[in-house]
Amino acid sequence: MAIHVDVVGIGPGSPDLITVQAVDVLRAADAFLLVEKRRETRELVEARTAILDRHVGPDWSERAIYVQDAERGVGGDAREHQEEVSAWRAERARRFAAALEGDLGRVAILAWGDPSLYDSTLGVLEDLGRDTGLALEVSVVPGISSIQALAAGHRIGLNRVGGSVQVTTGRRLRDGMPDGAEDVVVMLDPSCAFSEVEEEGVELFWGAYLGTADEILISGPLGEIAAEVEQVRAEAKARKGWMFDTYLLRRR
Ligand SMILES: C[S@@+](CC[C@H](N)C(=O)[O-])C[C@H]1O[C@@H](n2cnc3c(N)ncnc32)[C@H](O)[C@@H]1O
C-alpha cells in the first residue's frame, strides 16, 4: 500500500502567512513528520509549533513523528560542498524511510516557505522512493516563500518590465554578479556576499525574519548601505541566536 505524503509549504515563519489549502491539509493529516535540527535554535522549531497549535489544535503533538536531522559539513570548495550535500541527503532519506514505516495514513511534512525553493524535502522523497522501493504518493501544497515576503515588505515588483529575475545563493554570488542578470535574488548567504560586489549602480533590498514580528527591512544604493546592513545583521543574529535573510540586488 502506498504511503501518502503531503509536503506542505508553511510560509516564512508566521502562522498568518499560510494558505487555506495548507491549513486544510494539515488538519486532515494522520501524522506529522517533523525534522529536528540540532543547529537550529528553539525559535525556528517554535515557529512550526505555533503554526500547528493555531491551525490544527493542541493535540497535533500526539501524532508527531520526530526525525533528527543528519549532520552536515560546511564544505570548502564547490565540489566538497556538493559531496557533503549528497551525503547529508542520503542520510536524511534513510531516516525518513525508517520514520515512514508502518501504517501511518496521510503524513504531512512541513516545508519552510515554499517547497520548490532551496528545500530538500521533495528531492529526499524522490531518492527515497527510488532507493528503498517504498511506494510513496506525494502531493505538494505551495507556500509563501521568503522571496515573496521580501518583495511585499519593500513594496516592489521583482522584475522590471519584460525583464528576468535570477535566484541564487550567497555562495554563488561570491563569484560576482551573474552576467546579464538585471535583478538577482540571493538566499542562503551566511557571510554577507553582497559586501563583496564592487559593481557601481547596484541597489540592495535586504530583509531579515521576513513576514514575522521581527522583520527588518533596509534598502538603498549597495555601496552606501552595505556596511549598515552587515552591522544590523550581526546585531540581530547575536540578539536572536539565528539569522534568516534574503535580498534583491538590482542593477540600475
Ligand atoms: C533552506 S532555505 C529555505 C527557503 C524556503 N523554502 C523559502 O521558500 O523561502 C533557507 C533560506 O531561505 C531564506 N529565508 C527563509 N525564511 C526567511 C525569512 N523569514 N526571512 C528571510 N529569509 C528567509 C534565507 O535566505 C535562508 O537562508
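**Entry 1**

I started with Phe32, which touches Leu26, Leu52, Val56, Trp60, Arg63, Ala64, Ile65, Ala108 and Leu110, leaving out residues up to four places away in sequence. Contact here means heavy atoms within 4.5 Å.

Ground rules before going on: this is a predicted model, where local features need pLDDT of at least 70 and side-chain atom pairs count only at pLDDT 80 or more, while totals for chains, interfaces and linings use all residues. Residues are numbered from 1 along each chain as its sequence is written, and side-chain values use heavy atoms, with hydrogens and water left out.

For background, nonpolar side chains tend to be buried together in soluble globular proteins.

For the element names: helices (H or I, at least four residues) and strands (E, at least two) are DSSP runs, numbered from the N terminus.

Is His55 buried or exposed? His55 is buried, at 11% relative accessible area; the scale is buried under 20%, exposed over 50% and partly exposed in between (1.4 Å probe, protein chains only). I found His55 in helix α2 (residues 42–55). Setting aside neighbours within four places in sequence, His55 is in contact with Pro15, Ile18, Val23 and Arg27.

Then I checked Gly220, in strand β9 (residues 216–221). Gly220 is buried too, with a relative accessible area of 9%. Beyond four places in sequence, Gly220 touches Glu203, Leu204 and Ile225. The C-alpha atoms of Gly220 and Phe205 are separated by 6.8 Å, with the two residues 15 apart along the chain.

**Entry 2: α3 against α4**

I looked up how helix α3 (residues 78–99) meets helix α4 (residues 121–132): their axes come within 9 Å and cross at roughly 70°. That makes α3 roughly perpendicular to α4, a label covering 65 to 115 degrees (under 35 is roughly parallel, over 145 roughly antiparallel, the rest oblique). Axes are lines fitted to C-alpha atoms, for helices over the stretch in contact, with angles from 0 to 180 degrees between N-to-C directions.

On the α3 side I listed Arg89, Arg92, Ala93, Phe96 and Ala97, which meet Gly123, Val124, Leu125, Asp127, Leu128 and Thr132 in α4. The contact's residues divide into six nonpolar, two polar and three charged. (Ala, Val, Leu, Ile, Met, Phe, Trp, Tyr, Cys and Pro count as nonpolar, Asp, Glu, Lys and Arg as charged, the others, Gly among them, as polar.)

**Entry 3: salt bridges**

How many salt bridges does the structure hold? I get 17, each a side-chain nitrogen of Lys or Arg within 4 Å of a carboxyl oxygen of Asp or Glu.

Arg130 pairs with Asp127, the closest N and O atoms being 3.2 Å apart. Both lie in α4, three residues apart, about one turn of the helix. Arg130 is exposed at 54%, whereas Asp127 is buried at 12%. Arg89, Asp127, Arg130 and Asp131 are linked in a network of salt bridges.

Last, Asp214 bridges to Lys240, with the closest N and O atoms 2.6 Å apart. This pair links distant parts of the chain: Asp214 is in the loop between β8 (202–208) and β9, Lys240 in helix α7, 26 residues apart.
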